[in-house]
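Subject: Structure for your review

Dear colleague,

A summary of what was found in it comes after.

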Amino acid sequence: MSIKELLKDKLSGEELRLVRRSFEIIGNIVIVEIPDEIYHQKDLIVEAILKKHKNVKTILRKTGEVEGVYRVARYEIIYGNETETVVKEHGCRFLVDPTKVYYSVKLSGERERIARLVRDGERVLVIFAGVGPYAIVIARLANPAEVVGIELNPVAVEYFRKNVELNKVEEKVKVYEGDVKEVLPKLEGEFDRILMPSPYIAENFISAVRGKIRRGGIVHYYTFAGKEEEKEILPKRVVRLFREQGIDVELEHLRQCGHYAPYVYRYVLDLRVKS
Ligand SMILES: C[S@@+](CC[C@H](N)C(=O)[O-])C[C@H]1O[C@@H](n2cnc3c(N)ncnc32)[C@H](O)[C@@H]1O
């Protein structure tokens, strides 16, 4: 039974219309959006969620969109008090606190897709690594020589290090704390594959990966765009952005991997560096 159905006899028709159909579940934390107009009914909404999801420890009401350099949304605790949880994904476990770090369950399919592309012995770089989900899923599902992750948010770095231990990938995954523009120039050698999973700022970091991706290597570039741009405008624009920074790439694959705002979608472009 859906939350709306559970609330059918308790809220007015108008209030029921404002109850959001979907919510996000991160480990045993549920994230809901409750419009101000029905905030006075939050206890009934909490009760309905608890009836439907037995193992919920905390319910967070989203009060602000993902924002800032660390890409964290704002929340209000409306049930429980613990904001740290463990999420299971592709046989991995990730310790996260969504009130302090970025983590999205919705990207787990994309992480698996990338991991399946990684060949034995590859050296992989994940910039904007967050709490480590891409790096760790790649290390566990594929057989890379090394996966390097760079992350700026000190709290995310702390979780990233804990997650490396939790998933026993210390031998493969190296965690660096700091700004990609400062850390990356100090890393030696080239990578076979570079992931740029922050659509908001990836464009400003194309120059940073120059000289770090080998010829014939792959860059996974994430960006936001409208549906109408998908077929022609988007690939041309991104290839041009790379060329302007002295990296000659061709599009190997493009896919929509999420939804950001009305008419704005998240895309990933797999770009092959020309040899
Ligand atoms: C959209 S989140 C993606 C996190 C992770 N890739 C994931 O999917 O869970 C972007 C991340 O980039 C980090 N970040 C922002 N600017 C950065 C920079 N200049 N250098 C390194 N990391 C940065 C943020 O702190 C945030 O954790």
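The paragraphs below go from the overall fold to the domains, the ligand and the core.

Please note that this is a predicted model. The secondary structure of the protein chain consists of 9 helices and 13 strands. Along the principal axes, its C-alpha atoms fill a box of roughly 65 × 45 × 30 Å. Buried residues make up 36% of the 275 in the protein chain. Of the contacts between residues at least 6 apart in sequence, 59% join residues at least 24 apart.

The domain assignment divides the protein chain into domain 1 (3-83) and domain 2 (102-273). Their contact takes 7 residues from domain 1 and 6 residues from domain 2. On the side of domain 1 that touches domain 2, strand β1 (residues 24-26) provides the largest share, 3 residues. That side has 5 nonpolar and 2 charged residues, with no polar ones. The C-alpha centres of domain 1 and domain 2 are 31 Å apart.

The ligand is surrounded by 21 residues, of which the closest are Phe-128, Gly-130, Leu-152, Asn-153 and Ser-198. By class, the shell has 15 nonpolar, 3 polar and 3 charged residues.

The buried residues are Pro-133, Tyr-134, Ala-135, Ile-136, Val-137, Ile-138 and Ala-139. Ala-135 and Ile-138 are among the residues with the most contacts inside the largest nonpolar core, together with Val-96, Val-126, Met-196, Val-219 and Tyr-221. This core has 73 residues and draws at least three residues from each of domain 1 (3-83) and domain 2 (102-273). In soluble globular proteins, nonpolar side chains tend to be buried together. Leaving aside neighbours within four places in sequence, Ile-138 is in contact with Ile-114, Ala-115, Val-118, Val-124, Pro-144 and Val-147.

With kind regards

Notes: Residues are numbered from 1 along each chain as its sequence is written. This is a predicted model: local features need pLDDT of at least 70, side-chain atom pairs count only at pLDDT 80 or more; totals for chains, interfaces and linings use all residues. A residue is near a molecule or strand if its C-beta atom, placed from the backbone, lies within 6 Å of it. Ala, Val, Leu, Ile, Met, Phe, Trp, Tyr, Cys and Pro count as nonpolar, Asp, Glu, Lys and Arg as charged, and the others, Gly among them, as polar. Domain bounds come from an automatic or database domain assignment. Two residues are in contact if their C-beta atoms, placed from the backbone, lie within 7 Å. Helices (H or I, at least four residues) and strands (E, at least two) are DSSP runs, numbered from the N terminus. A residue is buried if 20 or more other C-beta atoms lie within 10 Å of its own, exposed if 12 or fewer, and partly exposed in between; C-beta atoms are placed from the backbone. A nonpolar core is a set of buried Ala, Val, Leu, Ile, Met, Phe, Trp, Tyr and Cys residues joined through C-beta atoms within 7 Å.
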